[in-house]
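This report describes selected parts of one structure.

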Amino acid sequence: MRMSKLFVQTLREFPNDAEAISHKLLVRAGYIKKLTSGIYSYLPLMQRVISKVSQIIREEMNAAGAQELLMPFVQPSEVWEKSGRWEVYGKELARFNDRHGNKMCLAPTHEEVITSVVSGTFTSYKQLPINLYQIQTKFRDEIRPRFGLLRGREFIMKDAYSFHTSQESLDEEYENMARAYKRIFERCGLETKMVQSDSGAIGGSVSHEFMVLTSTQTGENDVFYCENCDYSANSNHAISILNINETDGAKYGYSEKKLVDTPNVKTIEDLAKFLKIDSNCILKSVFYIADSKPVLVMIRGDKDVEETKLLNALNALEIRPATNDEAIEYLGCEVGYLSYLNVDANKVKIIFDKSAQGMKNFVIGANEPHKHYVGCNFDKTPEFVDVSLVKEGELCPNCKKPLKVTRGIEVGNIFQLGTKYSKPMGATYTDENGVEKPFIMGCYGIGVTRTASAAIERYHDDFGIVWPKEIAPYHVDIVPVNADDSEQMDVALKIYNELLNVGVEVVLDDRADRAGVKFKDSELIGFPYRITVGKTVKEGLVEFKERKTGEVEKLSPEDVIEKCKKILLS
RNA sequence: CGGGACGUAGCGCAGCUUGGUAGCGCACCUCGCUUGGGACGAGGGGGUCGCAGGUUCAAAUCCUGUCGUCCCGACCA
């Protein structure tokens, strides 16, 4: 490809509406163009990256025994009503009516359709297990799309679905997919960590996410992991062991239950300071509204509620912190002094977080403005549920060593669905005894466009993108320093044609611009290798520069061709 | 959906307080010059100032409404 013909426009400045570095670089280097919020055109450079990632996925999925198919992007409400998700999916599911008034939607995922595809087609246990996948555009009408392709509303996803006759068979395929995923991301140049996760709206029991660990702030999730054993989990799934010996208020002289005045002391921080006590001796009350019903969470003062865990514990669909007015309405007291004491458990659901277990002589709100109790103890031991966010340094649930935290981008996930879809949808096979049974299912996703973005988040520098060569849009950028110099141009053309012939993906920057412009663009776009044909051509030499390391070698045109072949075609 | 900010040329921005012929840089086009790190000179094209009302002799500017975009939270590949 000649640079003068390539459909690309690099920008001198970063776009104003981008925050994440991958988003900034994709726009500035001419890979994507926004059409509207969360929806982008993939320009030729981007399309090549997408093809590379997709091809790697295809090869590995096929090698793992899966078969590619392609399902409809526009779907009727019927299948969604059958699975029960038409009601619960929420506004992320983009719905519309067709001209006949039939309810339709744009596919955010394909569990329903794949289930109906397999149902009635593969009806014998002899035909199972089977794993089917597709690479396709999805649409999720996210409340807040952001970070460019890291979270678009429209994005490209590889989604696979497996069907089994037994849990053992599913377990086997789950492991098989986990191995395939590891290889896929490795081939994309990405190191990933497989972490336990919450299964969210897709449902099911066992699930793991594949995270690209990033040091940048734009990592989407916190990942907790143990350096001693191999425990790792997403923040909405991580559990930890807390040291409960230190949570006795008696240590601070509060060993008897007493009502104390705490004027205008509303926050845990202020309360700890006011009473000269550690915040882990305070039993904090956090008030939520879950599916329009009030829920009071009692949690240790130094801990925070993990709302996904709470959502799951309540089996609720939607949750939000209550307002001060709602606190007064349901509990008769303003926020800051709330407590479960004297609260009618029939009217307000009360949840005790595990962190409260073992607390003694604690401080708690009095459910009366500007007053707290000190020296409280549980009358009878309540049931404790884990709804708190793990913090770095808390102990690993397996080996009790301190946990570490890092930011990560979720690029893939695997779920064991069980019969969550097959049962309600009546998708069954006939077993060896002639009995009809629902399929046992698994599903496996990879965000293709997100993977490409994650690679940029992981590999970039002050000058631009530093693509791993496996997913770079082109391998080599040939820069004749002066396009008017026929000697330079001749040598550049010779190398270009030679590399083209042997199948190296190469760009010739034949533009009339000065060298600086071409160098800047080359680095911004992120070609893994650059061949500079400049004044050393008189000595029969050209320069070969590696983007990642910045290392430069002076080679003859013949040697540089051999070098490219060796690095890029093996 | 809650909190915050912003909509002026393809991109980045000024002008708005105090109403009076819409500007700058980059990019684009032409010519010249230049050619190892985003050169320089001359000339040129491109904007119903997000949209709709209102106030006014006159609105990018003031008022009201509305739509959109971005950031923080919850959701997710």
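D291 sits in the loop between β14 (282–290) and β15 (293–300); such strands (E, at least two residues) and helices (H or I, at least four residues) are DSSP runs, numbered from the N terminus. Residues are numbered from 1 along each chain as its sequence is written, and chains are lettered from A and ligands numbered from 1 in the order in which they are written. The model is predicted, so local features need pLDDT of at least 70 and side-chain atom pairs count only at pLDDT 80 or more, while totals for chains, interfaces and linings use all residues; side-chain values use heavy atoms, and hydrogens and water are left out.

Most residues other than glycine have a negative phi, and most peptide bonds are trans. Buried means under 20% relative accessible area, exposed over 50%, and partly exposed in between (1.4 Å probe, protein chains only).

| Residue | Phi | Relative accessible area |
|---|---|---|
| D291 | about 45° | 30%, partly exposed |
| N264 | near 55° | 59%, exposed |

N264 belongs to the loop between β13 (258–261) and α7 (268–275). A cis peptide bond, with omega about 5°, joins L128 and P129. P129 is part of the loop between α5 (111–118) and β7 (130–139).

There are 15 aromatic pairs in the structure. Rings of Phe, Tyr and Trp (its six-membered ring) pair if their centres lie within 6.5 Å; planes under 30 degrees apart count as stacked, over 60 as edge-to-face and the rest as tilted. Y181 and F185 form an edge-to-face pair, 6.1 Å centre to centre with 90° between the planes. Both are buried, and both lie in helix α6 (residues 167–187), four residues apart. The pair of F378 and F384 is also edge-to-face, because the ring centres are 5.8 Å apart and the planes are at 70°. F378 and F384 belong to a cluster that ring pairs link together, with Y340, F352 and F362.

A nonpolar core is a set of buried Ala, Val, Leu, Ile, Met, Phe, Trp, Tyr and Cys residues joined through side-chain atoms within 4.5 Å. The largest one has 59 residues, of which Y31, M46, M61, Y181 and W467 touch the most other members. Apart from this core lies another, of 25 residues, including F287 and F362.
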